[in-house]
Amino acid sequence: MGDLSKRQRKAKNGSRKNSEPKHPGIIRKKTKKGSMKPHRTHQIKNNRSKNKKRRSKRTRPIWATVSPLEQEQFIALTRSIPSDEPVVSVIIPAMNEDSTIAEAVLEGRRIHPSSEVIVVDNGSTDETAVRAETAGAKVLRYHDPLGHDVGRRMGAEAAKGRVLLFVDGDMVIPAQQLRPFIQAVLSGVDIALNDYKGPIQRTPVHPVIEAKYVLNIMLGRSDLRGASLTAVPHAISRNAYETMGSSALSSPPLAQAIGIASGLNVQAVHPIPVGQLNPSRRKGGADLLTEVILRDHQEAIHWLTENYGSRAGYTDLYRDRQLVRMK
């Protein structure tokens, strides 16, 4: 055989080079297209290393996702609180919310390094309780539905934190949006309300929104407009909880009336558009609760008239009704 030409030598060397594996020690198999891929055993090893990285990432403390500046702000506000007491109790009533409850719990755990998350399983028939526990929450199980807002009371009675934050299990609100309520209470606010006014531009205005405005006007807090304990999220101090009483939490408008009348510091601190976060309610689900919420506002107004007179503490101005003669 004669000497190979330059082109032939180049082709021979190229084929030999392609036949060698790129990484020594890795077995490669031909695919349908003739390309070389690692053998399955090496794919398994690679997958194991990836899973190991995922596990290590998952076990990182949730508080590590908060910026150092925010951590320092919280620590400064909570130095006077004993270390054996949780700073924040996140209370989440839930009924058949297994699709969102785990995320809601995780966001609650991200709020503060010293926190507890309490899920009140309000007669669920799905995996709400199991998924809440898996996510790290303490679960209070009730096989029969407790009724609207009663879960807030049961969760509050089991809470140990200095700040009680109330959210719902059917909406996932990022921890960053929940921290303003905690910071407000730690800074001296007793009741930190969601500054949500509702769709007041619609005609007619929804009766629940009207009821919120009317109650705040009667309480002498027209500045709150539609902000109400009826809407989550909101946070209250331990002092507010003891002043209002746990039973009042089952009727949020009543709790708000008692709190304001008692001189508690009540502020609308941060807007969360709950109507947009929960489109199922916005499409008509909330109307099923309209009667219940309106009765709660009537209960609050009745409490006002019982304790502060028929005019709820307002004067009759210059009227002297005793001089009116009946004809």
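The model is predicted: local features need pLDDT of at least 70, side-chain atom pairs count only at pLDDT 80 or more, and totals for chains, interfaces and linings use all residues. Residues are numbered from 1 along each chain as its sequence is written, and side-chain values use heavy atoms, with hydrogens and water left out.

**Overall composition**

The protein has 13 helices and nine strands. These elements are DSSP runs numbered from the N terminus (helices: H or I, at least four residues; strands: E, at least two). Of the 327 residues, 39% count as buried, where buried means under 20% relative accessible area, exposed over 50%, and partly exposed in between (1.4 Å probe, protein chains only). Among contacts (heavy atoms within 4.5 Å) with a separation of 6 or more, 72% are between residues 24 or more positions apart.

Two strands pair if DSSP finds at least two bridges between them. Strand β6 (residues 163–166) runs antiparallel to β8 and is joined to it by four bridges; Val 163 has Ser 237 as its bridge partner. Two bridges join β7 (residues 191–194) to β8, also in antiparallel fashion, and Ala 192 stands opposite Ala 235.

**Helix α6**

In helix α6 (residues 150–158), the buried residues include Gly 151, Arg 152, Gly 155, Ala 156 and Ala 158. Seen down the axis of α6, its buried residues fall within an arc of 160°, so they line one face of the helix; the arc is that of the directions from the helix axis to the C-beta atoms.

**Backbone exceptions**

Most residues other than glycine have a negative phi, and most peptide bonds are trans. The exceptions are tabulated here.

| Site | Backbone value | Location |
|---|---|---|
| Thr 203–Pro 204 | cis, omega about 0° | Pro 204: loop between β7 and α8 |
| Val 232–Pro 233 | cis, omega about -10° | Pro 233: loop between α8 and β8 |
| Asp 149 | positive phi, about 75° | loop between β5 and α6 |
| Arg 225 | positive phi, about 50° | loop between α8 and β8 |

Asp 149 counts as buried at 9% relative accessibility, whereas Arg 225 is partly exposed, with a relative accessible area of 38%.
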